[in-house]
Amino acid sequence: RKRLHNIIVTKITKKFQEEIAMKTWQKIVVGGAGLMLASSILVACGSKDSKSSSSDPKTIKLWVPTGAKKSYQSIVHKFEKDSNYKVKIIESEDPKAQEKIKKDPSTAADVFSLPHDQLGQLVDSGVIQEIPQKYSKEINKNETQQAATGAMYKGKTYAFPFGIESQVLYYNKSKLSADDVTSYETITSKATFGAKFKQVNAYATAPLFYSVGDTLFGKNGEDAKGTNWGNDAGVSVLKWIASQKDNAGFVNLDDNNVMSKFGDGSVASFESGPWDYEAAQKAVGKNNLGVAVYPTININGQEVQQKAFLGVKLYAVNQAPSKGNTKRIAASYKLASYLTSAESQENQFKTKGRNIIPSNKTVQNSDTVKNHELAQAVIQMGSSSDYTVVMPKLNQMSTFWTESAAILSDTYNGKIKESDYLAKLKQFDKDLAAAK
């Protein structure tokens, strides 16, 4: 509707200008001023219309996450005052960032938010460039190591971190204690644990392979041929998944019943991210909700730390709309820096409904963050590779999501024989290595 409105307004404005120009020309001709002067006025009107229809070089287009516009207005106003640039804030879905930017970079946002796993695709396609060194130095100094890694690709920094995201364990304190939830075996022997295994969410389940020492796209997540799930350790993960059907303390869930099962007591614990925090509070009551890091888990007789993917929230700069205007490009980088500053991250954390866990080390050490149970669990999860691995950024991740989910689901549902586990995983490694 907004786009249609703009088109109509543009047409009306143009017609109005043409009528004024014609009337002006008629008056001048009638008054004997001459055709040459009339022509010059028509040219002037035409140039003014052309200028008004082009984008304003002093206005920066900003895409923020859905529901975040109000929370950024204060820091954007401060930037506008300091830079003499105007900012047009538009809410946009983060998961579709690379898709929308790559479609037509020249008409997309100058500055946009995105999940870090899209970084590789945007860099490889030439949409975004390495950020100025002064900003990369600030990032390495002020942000956690894991967050800084999320903003890097092939050794260079391409974006600005403003938050970290990891799944944590949610549990009902009336059924499980803080000591109970340190071990998966204790959880499922004393109460219940719920997860989606009939239709596996690879984001939640695939990191089990990290827990047994396997890698995805190599140790740094950037080697397309570096996946090694086709080994005895990988087979042990599939055996563990298959065995959960016979675990009395395990409850299979689906997308529609997680909170209802948690609320009615059928499930005493489950793993999810900050996005489910408020819903989990409503399900069991604020005083009954506990939040903890992932438990240890026994796979093939060995106690290992269950791991999760770490996501890093970023802002990046798209230089294409600036059309080579270096001042506007520099202002865009400055805006990205403002949006990810300690002040802005603190605001994003405190704003109700956002629950953005800061990546800035100073903000993480503030009393407000230290006294927040969810924040502390996510920060501990994201503090080292003991708990999380920064999600890879390669294009091949699209193949990974579909193929890994199929193997994991088929294993739980008994569609793959145990004798075929190794062969399936070896083929999976080959498929990822061959993916583009």
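**Stop 1: the second largest pocket.** Its volume is about 740 Å³. A pocket here is an open set of points on a 1 Å grid over the protein atoms alone, where a 1.4 Å probe fits, with protein on both sides within 12 Å along at least five of seven lines. The volume is the space filled by probe spheres set on the points, which are joined across faces, edges and corners. Select D94, P95, P115, E165 and K313: of the 28 lining residues, these are the closest to the pocket centre. Lining residues have an atom within 4 Å of a point. Next, colour β3 (111-115), β6, β14 (308-317) and α19 (397-412), the elements that give two or more residues to the lining. Helices (H or I, at least four residues) and strands (E, at least two) are DSSP runs, numbered from the N terminus. The lining divides into 14 nonpolar, eight polar and six charged residues. Asp, Glu, Lys and Arg count as charged; Ala, Val, Leu, Ile, Met, Phe, Trp, Tyr, Cys and Pro count as nonpolar; the others, Gly among them, are polar.

This is a predicted model: local features need pLDDT of at least 70, side-chain atom pairs count only at pLDDT 80 or more, and totals for chains, interfaces and linings use all residues. Residues are numbered from 1 along each chain as its sequence is written, and side-chain values use heavy atoms, with hydrogens and water left out.

**Stop 2: the cores.** Select F112, L119, I128, Y170 and F400. They have the most contacts inside the largest nonpolar core, which has 97 residues. Such a core is a set of buried Ala, Val, Leu, Ile, Met, Phe, Trp, Tyr and Cys residues joined through side-chain atoms within 4.5 Å. Buried means under 20% relative accessible area, exposed over 50%, partly exposed in between (1.4 Å probe, protein chains only). Centre on F112. Among the residues it touches are W63, I101, L122, I128 and L314; contact means heavy atoms within 4.5 Å. A second, separate core of 28 residues includes V76, I89, I329 and Y333.

**Stop 3: helix α15.** Show residues 342-350; the buried ones are S344, Q345, Q348 and F349. Look down the axis: these buried residues fall within an arc of 140°, so they line one face of the helix. The arc is that of the directions from the helix axis to the C-beta atoms. They pack against α3 (69-83), β6 (160-166), α14 (326-339), α17 (367-370) and α18 (373-381).

**Stop 4: two loops.** Go to K154, between β4 (152-153) and β5 (156-157). Its phi is positive, about 55°, although K154 is not a glycine. K154 counts as exposed, at 53% relative accessibility. Finish at N300, in the loop between β12 (296-299) and β13 (302-305). Its phi is near 60°, and N300 is exposed at 67% relative accessibility.

Methods
Lists of a residue's contacts leave out its neighbours within four places in sequence.
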